[in-house]
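Subject: Handing over the two-chain model

Dear colleague,

I am passing this structure on to you, and I would be glad if you could look through it with the notes below at hand.

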Amino acid sequence: MENPLEKVLPEALKQPSQHTRRKFLFKVALLVNGAVGAVLAVPVLGYVLGPVFRKQNGENFWVPTGNLQQFPPGQTRLAQFRDPNGTPADGQTRNLPCWVRNIDGKRFQVFAINCAHMDCPVHWFPQSKLFLCPCHGGVYYQDGSVAAGPPPRGLYEYRYKIVGDQLMIWAGELPTLSTAARLRRPGNSPCLG
Amino acid sequence: MSGIKDKAYNLYRWFDRRLGLAKPITEAAEHPIPASSASWWYVFGSAATVILVLQVMTGILLALVYTPTARDAWNSLNFLNHGLTLGWFLRAMHGWGSDFMIAIVLIHMSQVFMFGAYKYPRELTWIIGVFLLLMTLGMAFTGQVLRFDQDAYWGLGIGASIMGRVPIIGGWLVHLVLGGPDIGATTVSRFFALHVFVIPGILIGLVGLHVWMVLRLGINEWPMPGRLVRKSTYVREYEAQIHKDGVPFVPDAAWKDATFAAAIMLAIIACALIFGPIGPTGPPDPTIIQTAPKPDVPFLWIFALFALLPPKLETPLILIAPVVAILVMLALPLYAGEGEKHWSRRPIAVLMLMVVAVSIGIFTRLGATAPWSPDMNGWSADPVQPQYLKGRTPLERQGALVFQNMQCRNCHALGGLGGQRGPDLDGVATRMTESQLIRQVLQGSGNMPAYGNSLSPSQTTALVKFLSTMKGYQPQAQNDANRLLAHGVSPPRDKSQDTAK
């Protein structure tokens, strides 16, 4: 059986009968280079994949989203918060919007601005008590459940707590169908969501 | 005079003695091609290469000023547009160059497909071409993100939400694409690295291979019906043909390539001068939600598919269809590497190309108009026209108010004004009875939300009474003589009646 490598190898390496010290050293050098490459690949891959494996556990992602007086009972209002992951270079993208629904003065719902279909910003219409999405026409009721259109689930909700007169939410991640679970379960693995 | 000539020749000799490039370059330029291939149909590949050079040059010039951070990118784009001499023109050239490049690459690909040029021995040239198409689209998408405005910000959200639909690793992919858990500085800088280093590097390398193979394997001959490609005989036949009627690429074919490339460059310059730079739209501030994000033209058809696919099919189709489409394109020359090249003997190929082209064209057109998007300002911007209020009872007019205030207009048009997500309501009373209207309003269905919780019984009654008057186009009745008399005006004479007398 003919060795397919025969055709591509340089002339000097073809004949196994002519083993020389230089050929051996060349092969050793190739092996060493391979090993160096493999060692180098670890930090390179670690750097590139860094954002994927960044630990979120134990960090404080509670951010204030406004004074309670901004949210009258029975109404839904647009609020803002600062991205807890933000850096100064984020500029305007560090300020994020959300919809705060004050159900009865005690209970709240804080919805992500992002439509569950394609993450476009939903608008609240208080008269018809509906959220409408401008992209593909997703519609949600006031409690965030799907009313019509293509969204595969209701609006993403942030976990909230009241500290003094501040409404705090657990934020820090763009909600998508895969990442939404973490909004509600801080510190837990996404698999539990 | 001859002294200068001699000196120049000596200088040339000095360099070529060391570089040794004159001979291979001359050979490549003059390599023989079939006389039939010196055609205007064979100019698209070289035009795409020329546009690539334009994109690299304008890109480098833009990078002198552009600031790749989420904080400053939008400001630097505006500085380029307004604060810098001819900065707007370079942005316009780069933006229009991108659209032209995609168009030319697609035309080039269609031509190669129609002429059967992907068949033996040029299979790998086609396969690399498929990757070149993907890289070109990758440049378009990353470039759209670098134009970091409102559309770019929400476009990233759309990209992330598609990644988020991948099972199991979706969450990781989202973080990998965004460079973190959220859209921000690391997102822009990684798209900058992709757009400026990674993809262009791959693109230029693959273009080199692509052109090298074109030179090595020869330019495809003009297909003739009945002349079949066989692996055993093709190369011999091709060489015999070149021997018989071959012409040198330069100048016999190259003058057409050069002329077409110049025409395309003039077209890009004209677009840049007339239409100006593309964007930026509003600032990338997520708290400004008064926006209807839309992707750039090359991706509008995908945007349309998202709106028109049945929601249940969406995720599997979005994730699987592109993979299948790319695999089919890659496998094409391996499956159909022999046989007929001429389009008149390949009806299925012609039909496939037409169906794909027409579909993408239609979906692009739909994406540009986006009739499925609610008109967010319809309820406050589009008035109820007088003809819908004329002769209506107070209750029905109250219904018209409910119709406006409840944002019905955002999805339903009256008299051609308003959203097109739902059906026009001009003739709704001819399609539905009053009780059907009540049920539809209160319970909704399909793409319409239920209004049972937001409408009071009296509002519902008024709205339905108003809708029940919508009987479509009706020719106006005779003049309302009583009303005119009551106001003391004599009714205008009907001339047709006069003549009848």
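What follows is a short account of what was found, beginning with the conventions.

This is a predicted model, in which local features need pLDDT of at least 70 and side-chain atom pairs count only at pLDDT 80 or more, while totals for chains, interfaces and linings use all residues. Residues are numbered from 1 along each chain as its sequence is written, and chains are lettered from A, with ligands numbered from 1, in the order in which they are written.

Chain A in outline

Chain A holds 5 helices and 11 strands, where helices (H or I, at least four residues) and strands (E, at least two) are DSSP runs numbered from the N terminus. Of its 193 residues, 39% count as buried; a residue is buried if 20 or more other C-beta atoms lie within 10 Å of its own, exposed if 12 or fewer, and partly exposed in between, with the C-beta atoms placed from the backbone. Among the contacts in chain A with a separation of 6 or more, 44% come from residues 24 or more positions apart, a contact being two residues whose C-beta atoms, placed from the backbone, lie within 7 Å.

The sheets of chain A

One open sheet of 4 strands in chain A runs in the order β2-β3-β4-β9 with antiparallel pairing, and two strands are said to pair if DSSP finds at least two bridges between them. In this sheet β2 (76-82) and β9 (157-158) of chain A stand at the edges with a single partner strand each, so one side of each has no neighbour in the sheet. β2(A) is joined by 7 bridges to the antiparallel strand β3 (residues 95-102) of chain A, and A:T76 stands opposite A:R101 in β3(A).

Another open sheet of 4 strands in chain A has the order β5-β6-β7-β8, again with antiparallel pairing. Here β5 and β8 of chain A are the edge strands, each with a single partner, so one side of each is left without a neighbour in the sheet. Within this sheet, strand β7 (residues 139-141) of chain A pairs with β8(A) over 2 bridges in the antiparallel sense, and A:V139 has A:A148 in β8(A) as its bridge partner.

There is also a hairpin, formed by β10(A) and β11(A) with 2 residues between them, and A:G164 in its turn has a positive phi of about 65°. Its strands, β10 (residues 160-163) and β11 (residues 166-170) of chain A, pair in the antiparallel sense over 4 bridges, and A:V163 has A:Q166 in β11(A) as its bridge partner.

Where the chains meet

The contact between the chains takes 48 residues from chain A and 56 residues from chain B. On the side of chain A that touches chain B, the elements giving two or more residues are α4 (50-53), β3, β5 (123-125), β6 (130-132) and β8 (146-148) of chain A, and β3(A) gives the most, with 3 residues.

Chain B

Chain B is divided into domain 1 (28-369) and domain 2 (378-467), with bounds that come from an automatic or database domain assignment. The centres of these two domains of chain B, taken over C-alpha atoms, are separated by 46 Å.

One residue to look at is B:F363, which lies in helix α14 (residues 347-369) of chain B. B:F363 counts as partly exposed because it has 18 C-beta neighbours inside 10 Å. Leaving aside residues up to four places away in sequence, B:F363 touches B:W301, B:A304 and B:L305.

With kind regards
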